[in-house]
Amino acid sequence: MGTKYSLSLICLIIFYTLYMDISLDISELINNIKADHAIIINDSVTEANLPPLLIYQNTRVLSQEEFTSMMFARLAHKASICQNLQNRTTEQETALEHLAGRVYFMQSYSLLWCPVYKAASTNWCRNMITLAKLGQQGEEQLERRFQGQVNQQAEEVAPHLGRDQLKLVEGDKNSKKMLIVRHPFDRLVSAFRDKFERCMREDSDCTTRSDWYYNKRTEIVNKYRIRAQDKFGMDFFSEKNNLGAPFPSKKRTSSKLPIWWEFVQDVLNSPPATYDEHYQPIYLFCEICSFDYNYIIHFENIENEE
């Protein structure tokens, strides 16, 4: 019985980690799951025997030398992977054209940042605004011009580049060219929960055409809802079953919103280049094999590495 419950706990941990998108100490996570599900198990389930996917290597950086060494290791790993995937050919020109319209660049700091959405992108948009030193009045004016659109506010102080400008920044040894990466499964779940499973606000109806993600949500439901109903049953989408979600949420206001299974089917059956920017693979969105970044930060360890 102990083994049975231990395996069940591991499955629950996988579900919590990948679906709920929470960052907890493993021991705290285990205790939370025990309490939530009243599971009686032995103490054999530990960090040591959990699947490797769940264990992040949060390295405490104690000096500039350690940080530099860590960056070199990541850049070397990137270079080896990219060398196996492709050569820098004429396709690089197209890649840089795409990238130039996505990155933010602060001339005063020689800082270039490619925003990986769902990997601290909102915080780093705010960081860009803070670095611009606009003062309270300047920041308030920016907010009035682009109300609630922090990415557009950041673009005002750290504008996108043209392709030729991007090449100059890439060749500048003193420039800081940064991106923040996140485990793709975690990022996928975070994008689903934020953009597809729930409305942005409790008081909004995101099932109307005025909502930014209406078309994509409707497309997913139209494609896969009949199959989902056959697979899970009509009752799965009832209010007593959280309208198809595993947990209740005040922001999930309708069963017209996609469920996780439907979203995954869409991901599996769509070319990655067509994915929404919030879960498009980082290697595509930030063109990592066509541009020489010199700082790669891990979202899972961001407080330490920033």
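Reader: How many disulfides does the structure hold?

Author: The structure holds two disulfides. This is a predicted model in which local features need pLDDT of at least 70 and side-chain atom pairs count only at pLDDT 80 or more, while totals for chains, interfaces and linings use all residues. Residues are numbered from 1 along each chain as its sequence is written, and side-chain values use heavy atoms, with hydrogens and water left out.

Reader: Which parts does the pair of Cys82 and Cys289 tie together?

Author: Cys82 lies in helix α3 (residues 64–85), and Cys289 lies in the loop between α12 (282–285) and β4 (295–298), so the pair ties together parts that are 207 residues apart in sequence. Helices (H or I, at least four residues) and strands (E, at least two) are DSSP runs, numbered from the N terminus. The chain has 13 helices and four strands.

Reader: Why is Cys82 called buried?

Author: Buried means under 20% relative accessible area, exposed means over 50%, and partly exposed is in between (1.4 Å probe, protein chains only). Cys82 has a relative accessible area of 8%, and therefore counts as buried.

Reader: What makes Phe192 count as buried?

Author: Phe192 has 0% relative accessibility, which means that Phe192 counts as buried. This residue lies in helix α9 (residues 184–197). Phe192 and Tyr279 are 87 residues apart in sequence, yet 8.6 Å apart in space, C-alpha to C-alpha.

Reader: Why are α6 and α7 called oblique to each other?

Author: Angles under 35 degrees count as roughly parallel, over 145 as roughly antiparallel, 65 to 115 as roughly perpendicular and the rest as oblique. Axes are lines fitted to C-alpha atoms, for helices over the stretch in contact, and angles run from 0 to 180 degrees between N-to-C directions. The axes of α6 (residues 135–145) and α7 (residues 150–157) come within 9 Å and cross at roughly 125 degrees. The two helices are therefore oblique to each other.

Reader: Which residues in α6 meet residues in α7?

Author: Leu142, Glu143 and Arg145 in α6 meet Gln153, Glu156 and Val157 in α7, where contact means heavy atoms within 4.5 Å. By class, this contact has two nonpolar, one polar and three charged residues. Ala, Val, Leu, Ile, Met, Phe, Trp, Tyr, Cys and Pro count as nonpolar, Asp, Glu, Lys and Arg as charged, and the others, Gly among them, as polar.

How values were computed
A disulfide is a pair of cysteine sulfur atoms within 2.5 Å.
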